[in-house]
Amino acid sequence: MEAPMQGLSAQEVMDRKERGDLGKQPGSITKTKAQIFKENIFTLFNLLNFIIAALLFAVGAYSNMIFIVIIIINVVIGIAQELKAKKLIDELSILNRPKAKLVRDGREIVVETEDIVIDDVMVLESGHQICNDGIVLGGMAEVNESLLTGESDAILKTEGSELYSGSFVVTGKCYAKTTHVGSENYAVKLMEETKKTKSVSSELLGSMKQVTRFTSFLIVPLGILLFLEAIMLRQVLVSDAVVSSSAALLGMLPKGLVLLIAVSLANGVIRLANMKILVQNIYSLETLAHVDVLCLDKTGTITDGKMKVKEVLPLRDFPNKKLTPLIQSYLAASDDNNATFQALQEHFGTSSVYQQTYKIPFSSLRKWGAVSFNTAGTVFIGAAERIMNGLPAAVEDQIEKGCRAVIIGIYDGEWQNERELPDEIEPLCAVILEDNIRKGTAKTLEYFRKEGVDVKVISGDHIKTVSIIAKKAGLKEWENAVDLSSFGEDMDYDSICMKYTVFARVTPKQKQLLVMAMKRAGHQVAMTGDGVNDLLALREADCSIAIAEGSDASRQISQIVLLDSDFANLPQVVLEGRKVINNVTRTAGVFFIKTIYSLLLSVFFLLFNMPFPFIPIQITLIDAFIEAYPSFLTIFESNTKRVRSSFLRTALANAAPFALTITAGIIFISLTLPFDTQQRQTIMYMLLILVSMLSVIKSCIPFTKLRVFICVTMVLGAFGALWILPQLFEISAITTAMLSYIGKVFVGLLLILTLLICITPKFEKHENLG
């Protein structure tokens, strides 16, 4: 089809740009630098810490303000990591950004979307995302507006029809005049409109918000009560009251945990970016950690999407000199550009021997297309079982070998019914096409199987074709296949999705319903796809993964984009998410220990009118050597075991035995120990450090060389600091009597700790590192 008009001239484009009638640079998919600085600096945790620091400064307790250095370092590291991740993501997103095809000066050109001006003529083909509102000038296309309206049915657009940005072309080709650009578009934002699929839920982020709300609710009233009690009941100096109260409050804040989560996610994104994998939402990594079902589209995912004609099987005595011109005329008139039609065009070529009178684009839902010609009737091309009943043995044999078969038939007359096929179609030939399976597919599928991820293949192809391709790809349960076209409308998706592994003759809507059924069964579902027929399923999946070689729309809507279209990278995508979650969950328990015992001890000392036994500088030592140092050295480990429990529940369960043991020990010592105040506080602090270190050692099991090094240096560093600077940490010299008492109490605490660990519910199975 020729362009219906010349389009704008270069001068007309320039005039409109000078008037400002052009789009704007697409917004970054990442946070702005200002947002990164704001979200790392202006947090509730930071506010509370700086308030405590200000109070300590006001009373001259300068040495106890060292903790603020750790807070500042946390902020700097967090900002630096997010900026690094942003830079890589922005660079990759440029490669992923859709471009627009326009007609200008009578020629088709490709430009950036922000270069489109009012009245530009857009060329829209199958798979293209419509980036600006417009009116169809010529041609015919089926458009899916589900991203805007929620309705999944494709809408036929012909001359005069309105088009809206944010929708995408399913089939056909049309020319449209741009009516709105930039903020005037119906979708308001060009790229961002496609991402209104669902908000990515983050268990890590949600858990930290719960902890923040809970501690913030308690920290202010407890702080005030501890301070007033010290001033009014014990009548201590204001400076001493501030120092004592500050230590209790500082312990309740798991300061480094927020940074740990941010750094872990950012590093995961950076590692994937270096593999040419674009993560369009940083929390998609967390979603991937929980995936236990991976749905694969066959064409373009398992196979490389580059089909070729293997052979042409005649179905009746029809001369080639007549057949070839019919096929060439169909292909010349057709605007379909999927892998099948590209293979047909390469084999047969295109030539407008006959003049078209009507055209029905091929669609994944109908699985057929048709073109009517003035003197030759209507030529149909479609799935074998759609065009004819009962396939010849030769065609069946090719399908059995994993090839795809399309039937070319003819109808004597013009056909304009887009919903039904005529009964009088005369099959002319079967075109046998074959796919190329991507390298490394068998190894990839086997890896998923070993890692406990259930792989399912969902395709619109013939059941035998899909199952044989699945067999060649190395899928173990390739025979467990079902043809969804054989079911009626009242299909039980909940039972079917669990029963079968390979799904054939699946419509785009059925793909979505299968994913929904798997989610209802309690599975975390990832979906890969490359075409417009995958979009509904991609939107529905917990995590959507697009192949870069696929359509614009599939890339824009997906959370993960494989920019090099390497299917073998899929395991790394899933396992990277597991690595983040497992490492954060393992270390988070150490951070929550201090939060729990600080809260419990604050209540106890408040009720018994006793001073909190520690000072901020002592809490800072624990923050640095027992929490931050071990955690940040182990978050890069390759712990890729399957995630089986919730983050917060597991972290609190890991922390509770140690926190309760510390609480019990300090309460016992406070009520019974026959030493002076400073000696008693020193003993409490020594036992606090020892039990806290045990939690780190336990989290490092099974030991590796790195973990042994971390445990040894943690012990040497913490006790070395106390030995070198006892005055700074306000601890007294340990006498023989004190050492003997510490030993006895420590043995008792070990027994309590062992009992608590045994009775604490286990929320995840222990496995060796991957």
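**Helix pair α8 and α22**

I looked up the handedness first: α8 and α22 cross in the left-handed sense, a term for a near helix turned anticlockwise from the far one by less than a right angle, clockwise being right-handed. The model is predicted, so I note that local features need pLDDT of at least 70, that side-chain atom pairs count only at pLDDT 80 or more, and that totals for chains, interfaces and linings use all residues. Residues are numbered from 1 along each chain as its sequence is written, and side-chain values use heavy atoms, with hydrogens and water left out.

I then took the geometry: α8 (residues 238-252) and α22 (residues 570-607) pack at about 140°, and their axes are 7 Å apart. This makes α8 oblique to α22; under 35 degrees counts as roughly parallel, over 145 as roughly antiparallel, 65 to 115 as roughly perpendicular, and the rest as oblique. Axes are lines fitted to C-alpha atoms, for helices over the stretch in contact, and angles run from 0 to 180 degrees between N-to-C directions. Helices (H or I, at least four residues) and strands (E, at least two) are DSSP runs numbered from the N terminus.

I listed the contact (heavy atoms within 4.5 Å): Ala-248, Leu-250, Gly-251 and Met-252 of α8 meet Lys-594, Thr-595, Ser-598, Leu-599 and Ser-602 of α22.

**Strand β4**

I checked the cover of β4 (residues 134-144): eight of its eleven residues are buried, that is, under 20% relative accessible area with a 1.4 Å probe and protein chains only. I looked up its partners, where pairing needs at least two DSSP bridges between two strands. β4 pairs antiparallel with β7 (residues 168-178) over ten bridges, and Ile-135 stands opposite Lys-177 there. Three bridges link β4 to β5 (residues 155-157), also antiparallel, with Glu-142 opposite Leu-156. Two antiparallel bridges join β4 to β6 (residues 162-163), where Gly-134 faces Leu-163.

**The six-stranded sheet**

I traced an open antiparallel sheet in the order β10-β15-β14-β13-β12-β11. Its edges are β10 (308-314) and β11 (356-360); each has a single partner strand, so one side of each lacks a neighbour in the sheet. Neighbouring strands are turned by 20° against each other on average, direction ignored. Inside the sheet I counted seven antiparallel bridges between β14 (residues 404-411) and β15 (residues 426-434); Gly-409 has Pro-427 of β15 as its bridge partner.

I noted two helices across this sheet. α12 (residues 320-333) lies across β11, β12, β13, β14 and β15, at about 105° to β12. α13 (residues 339-348) lies across β10, β13, β14 and β15, at about 70° to β10.

Key
Buried means under 20% relative accessible area, exposed over 50%, partly exposed in between (1.4 Å probe, protein chains only).
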